Amino acid sequence: MAQEPGRRHADRTSRVAGTGEPAHPYGFDRRLPWAVVPTVPVPVEAGDGATYAPLLTQGEQVDVLERLDSVLRNISELRKEVEELRNSLQHLAAEIVGEVRSHLEETQKVTRRRRFPFPRERSDSTGSSSIYFTASSGAANTDDGESEGGYTTANAESDYDRESERESEEGEDEVSCETVRTARRDSLDLVNEDETHLILDSSLEEGLGQLLQQADRLHNGGEQEKREGFQLLLNNKLAYADQKDFLWRLARAHSDMYEITEDMDEKRSYATDGKEEMEIALQKWDQSGECHQWYAVLCGQLSEHESIQKRIQTGYIFKEHIDKAIELKPEDPKSYYLLGRWCYQISHLGWLEKKTAAALFEAPPTATVQDALQNFLQAEELSPGFSKAGRVYIAKCYRDLGNNSAAALWMNLASELPVHTKEDAESERELEEMRSVWEE
C-alpha cells in the first residue's frame, strides 16, 4: 500500500544545500539561531536528494525586521499624539466650563441690580437718597441718613453710580446699612467654600435647598424615582455646578444609574462620568467626606469592567478614599459598610489575584474576615438596620469564622428588613442560598 505523502515527507531526512545537515521536517532553516526561516517544501517525487530553499535571504529578513521596528516606532508616536490630543480637548472643555460660569456670575449680578422694587432716578439734589430696604412707606430723612422705618440709607447721586464705585473702588464708599449684604467676586477661583452661600441670591440658595431635598427623596425611592432624580440633577447642573452638595449628589445619581442599568456599555459610561465629576469636586473640596466616599464607590464600580491588574490598583485607591471619608465624617455608616465590603473581598482573593498583587506591589493589600466583621458591626451600631446587605455580610463573616449560632441570628435579622433596592433583592437571594446549604 502506498504511504501517505505527509508521512513520507516527515520520515525523510532531507539535507540542506551546501551543509550536509538534516533539514527541519517542517521546513525551518536551523542555520540562523536568531530567526526562524520559512522554506519552500519540495515535492516528494523529487527524491531524497532534494533540498529546501528559504523564502527570504538573510538580508531580506533583516530588512523585514527593520520595517517592523519602524512600524512599532510609528505606533508609539501615534499613541503620544493621541494622548496630547486628549489633553488638549480636556483643557478646552475646562475653558468652556469657565466661560459658562463667568456668564452665570454676570447674570446673577444683573439680577441683583434689577431686584430693587423702587425706581431709581438720577438727581443732582442733595435730598435724594436710595433706600435699599424700608420698613414703612415714610419719606427718607437726609439729615441723619436714616429712613422713618429706622433702616440706614446711603446717599449718592444715583444707585448705578454707587454700584459702579463700589465695584471699581472697593472700600472707599462703604454702605452703612447692616441689613444689606452684598458680595462681589471676579471669578469662582477667588471664592472659598465658606463664602459660597454669601454669593448666591437668596432665591437661588432656597432653590438649591429644595432641589437637594427632592434629590435625596428620589434617591431613597425605587428605580423610577432614581431615574427621575438623576434627570433632575442633570437638568440643574449648569446653575449649581459650583456647589459641593450638588456635585456629590450628582455623582451619587450616576452610581444609582450604574446599579439599575443592565447594558454594560451604559454602566461603564455612568461610572466614568460620575468619577470625573468627583475628580473635579475633590480639587476644590478635598475635605468633604461625601466627595471621597462617592469617588471611591464610582472607582469600584468602574473597576468591575477592567483587568485583574487594574482592579487591584483600584483597590488601593478605593481604600485610601474610604479611609479619608471615615476620617472626615466618622458618623456615616455607609463608609464603614463599604470598608467592610473591601476587607471581605480582600480576605477572599483567589490564588491568581494574590499572585498578581504580589508581583505588582511590594506590599499587596491585606485584610481578614475579622476586619470586615468589625466594620460591618460598626455600621450597624451607628444605624441599626442600615442595610440588608450589611446584615447578610455579618452572617457570612460569622459563618466563615465558625460561629454558626451568630450567623443564624444575623440571617434572621437580615430577613426582617424589607426589599427595596436591587442590592436588597440580591441579599435576599444570598440568604436563601445560605439556608439551603445549611439544610443539606
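## Serine 387 and its surroundings

Setting aside residues up to four places off in sequence, serine 387 makes contact with Tyr337, Leu417 and Glu423. Keep in mind that this is a predicted model. Serine 387 sits in the loop that links helix 14 and helix 15.

Is serine 387 buried or exposed? Its relative accessible area is 10%, and since buried means under 20%, serine 387 counts as buried.

## The helices on either side

Helix 14 covers residues 369–382 and helix 15 covers residues 388–400; they pack at an angle of about 145°, with 9 Å between their axes. The crossing of helix 14 past helix 15 is left-handed.

Who does the touching? On the helix 14 side you'll find Val369, Ala372, Leu373, Phe376, Leu377 and Glu380. Helix 15 brings Gly390, Arg391, Tyr393, Ile394, Cys397, Tyr398 and Asp400. Sorted by type, the residues of this contact come out as 9 nonpolar, 1 polar and 3 charged.

## The largest nonpolar core

Nonpolar side chains in soluble globular proteins tend to be buried together. Here, the largest nonpolar core holds 64 residues, and Phe246 and Met278 have the most contacts inside it. Helix 8, residues 244–260, is the top contributor to this core with 9 residues.

What does methionine 278 touch, leaving out residues up to four places away in sequence? Its partners are Leu247, Trp248, Ala251, Cys291, Trp294, Tyr295 and Leu298.

Technical notes
Residues are numbered from 1 along each chain as its sequence is written. This is a predicted model: local features need pLDDT of at least 70, side-chain atom pairs count only at pLDDT 80 or more; totals for chains, interfaces and linings use all residues. Side-chain values use heavy atoms; hydrogens and water are left out. A nonpolar core is a set of buried Ala, Val, Leu, Ile, Met, Phe, Trp, Tyr and Cys residues joined through side-chain atoms within 4.5 Å. Buried means under 20% relative accessible area, exposed over 50%, partly exposed in between (1.4 Å probe, protein chains only). Helices (H or I, at least four residues) and strands (E, at least two) are DSSP runs, numbered from the N terminus. Contact means heavy atoms within 4.5 Å. Axes are lines fitted to C-alpha atoms, for helices over the stretch in contact, and angles run from 0 to 180 degrees between N-to-C directions. A crossing is left-handed if the near helix is turned anticlockwise from the far one by less than a right angle, and right-handed if clockwise. Ala, Val, Leu, Ile, Met, Phe, Trp, Tyr, Cys and Pro count as nonpolar, Asp, Glu, Lys and Arg as charged, and the others, Gly among them, as polar.
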